Amino acid sequence: MRPHLPPLTSPSGPALAPSRARPRPLRLALSALGFSGLALLGSSLAQAQPAAEQPLANLPYTPSLDRASMDPSADPCEDFYQYVCGGWIAKNPVPADQARWSVYAKMAVENQRYLWGILERMAAAPAAERTADQARMGDYFAACMDEGAAERAGLGALQPLLGRIAGLSSLRELPALLAELQLVHYNERLFFSYSSGQDLGDSSQLIAFAMAGGISLPDRDYYLKQDAKSQQLRQQFSAHIARIFELAGDSPEAARSAAAEVLAMETALARATLSRVDKRDPYKTFHKFSERRLQALTPSFNWADYRAALGVPASKADSNVTEPAFFKAFERLLKTRSLAQIKTYLRWQTLSSQAPYLGASMVQANFDFFGQTLNGVPQLKPRWKRCVELVDAQLGEALGQEFVARNFAPELKAQTLRMTEQIEKAMAQRIQSLDWMGPETRQRALAKLHTIVNKVGYPDAWRDYGALRVQRDDFLGNVQRGNAFEARRQLAKIGKPLDRGEWGMTPQTVNAYYNAQMNDINFPAGVLQPPLFDTRMDDAPNYGNTGGTIGHELIHGFDDEGRQFDAQGNLKAWWTRKDGRAFEQRAACVAEQYAQYTIVDDIKINSRLTLGEDLADLGGMVLALAAWREQIATQKLQPIDGLTPEQRFFIGFGQWACDNGRPEALRVQALTNPHSPGRYRINGVAVNMPEFAQAFACKPGQKMVKEDSKRCRIW
Ligand SMILES: [Zn+2]
């Protein structure tokens, strides 16, 4: 969907799910969740009680067109975003435990508070009254909430892992140790990540993916940029590493020199990593390597040992080495660094990744840097919120069953599917009438459109958590077993055919996504709620808001990245050269427009990073408008509250994106987020739509009106 959160990398590489909010949902690195202070979702500290266990529909209702969120003193033709969201922005400062705040984030926190109530009940219920999954969730949540136990366990809980690292006696033992550590961390911070993904050349098959990783900061550019702010942040980062080593028992001098070694190693890895813009090019991250070629890439690292330790059977199938140059750098590192330095690096990544689940001093130190210094967040999230996020991340489909049982009416699914069909029909008409697309490409585009699978609400088959052991007195152990469970679940797919029914988001997620390799669009139940989708409202704001979202996800199949995948989800050049060039020319208009927008201070949008999202925003609204017009074709609509139907359509559109962000977080966003800030996701679309200028009677020369010849138009 639409809010802007830091992207999470996915095991299937570039083709997976550029969604509106959480573009790459599958690989949830827990260190990126609330426990590290990198707030993904929001909260209100004022309300310290769980919501009663009642359907969300019973909570105070905010309509999908909310006059109180508007700023009637603003001129829609000068700054439409201020006009639709000015009231919201003034009344919704970023909460103390959040980096950013938005309509979506607020809904997500309401969902969390609701799930909190459910989890407290499960934690307290007698054993006989709980199903196996309810017991798992209740015990997991209870263990997580037991702050005293985490404090008493202290660093001791981590000793087995730290002991294994200390015991590393030769490079030959590294593959087995790395496999063991990666399983319980389940993130990409230990040199690289290794998982399964759809073969970009044959989407029906899952193959092994070896992907770049190994750094702790949110982007490689943090290590490479030489401006004063970047240099200062690296100094603060180095001081943070030293602080963590000191908390783990090192002397200040030893901690400082260890921090310098870690920073040097992470910098070497960052230097060999592709930029985020390059990672959006699927051809740059698709390199099939045979077993022998992969082994030749890293003579110092034995892949057979590594896979054996992971429990992955030997296979004749090739692996996708997404960034071969990175693995060459990994080899250089193994060759040039001492064993002691490698152990220091592994110790840092382990301490840092696990810090959120330890005692208060480690939790706080971790938050002070990743939350406060990096994102400007003043306060750590309350524990309940961090614990709900963990259950969501590790037992999300079990929690999802509880959520949809209470919050998802079948009519909602039918209505959403109907709107989706109207939008697909609008897209078919657009494709058929484009003057820049030839018949060959047109025919294949229609074939791709008609192959898209629409998933609404929740998966048909729920995940089986039977193999995941949860203990009520072992918080850290639960997190580590949860990570290993998910890591193994992904690894087990290598060499298997694709499961087309799988979802990349949990049902309670306030977001949506398109997956180019699955060629499906997915709308979790969590996003089909007011104030986004509002069955009590007239069609106009609903088509502007949720219709725009459906159109957005659909257009991802035809944005600069998604268009490179065919109807079967394979990376294949199905456009004629001429039509491809015509598309690129039109997309460049959007890239040039967004490159002018400022995010914070002197930082502009990196519009080559946001291009796919910006294209989806614009195309999505064109489709939503066409679908709405069809929906109301036979109706005689009158103004409501002094707003014409067309105005209500565009206000409904604008109000999904109301947001606020801390300056520090906006800086992080500028480097990492493929979505533009809310203001430009609204104004940047509106200026390209003559129907908008017409709806508000805007005149040439006003800020929200582009000259006809300068308007960007693709679909
Ligand atoms: Zn998107």
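**Notes on the aromatic residues and a glycine**

1. Let me start with Phe301, which is buried, at a relative accessible area of 0%. Please keep in mind that this is a predicted model. Phe330 is buried as well, with a relative accessible area of 0%.

2. Phe301 and Phe330 make an edge-to-face aromatic pair, with 5.4 Å centre to centre and 65° between the planes. Phe301 sits in the loop between helix 11 (291-297) and helix 12, while Phe330 belongs to helix 13 (residues 324-336), so the pair ties together parts that are 29 residues apart in sequence.

3. The structure has 43 aromatic pairs. In one of them, the ring centres of Tyr194 and Trp303 are 6.0 Å apart and the planes meet at 40°, so this pair counts as tilted. Tyr194 is in strand 2 (residues 192-198) and Trp303 in helix 12 (residues 303-310), so their pairing ties together parts 109 residues apart in sequence.

4. How buried are these two? Tyr194 is buried at a relative accessible area of 7%, and Trp303 is buried at 0%.

5. Two charges over rings deserve a look. The charged end of Arg293 sits over the ring of Phe289, 3.9 Å from its centre. Lys413 lies over the face of Tyr458, at 5.4 Å from the ring centre.

6. Finally, Gly504 is in the loop between helix 20 (475-491) and strand 7 (513-515). With a relative accessible area of 13%, Gly504 is buried, because the cut-off is under 20%.

Terms used:
Residues are numbered from 1 along each chain as its sequence is written. This is a predicted model: local features need pLDDT of at least 70, side-chain atom pairs count only at pLDDT 80 or more; totals for chains, interfaces and linings use all residues. Side-chain values use heavy atoms; hydrogens and water are left out. Helices (H or I, at least four residues) and strands (E, at least two) are DSSP runs, numbered from the N terminus. Buried means under 20% relative accessible area, exposed over 50%, partly exposed in between (1.4 Å probe, protein chains only). Rings of Phe, Tyr and Trp (its six-membered ring) pair if their centres lie within 6.5 Å; planes under 30 degrees apart count as stacked, over 60 as edge-to-face and the rest as tilted. A charge sits over a ring if NZ of Lys or CZ of Arg is within 6 Å of the ring centre and within 35 degrees of the ring normal.
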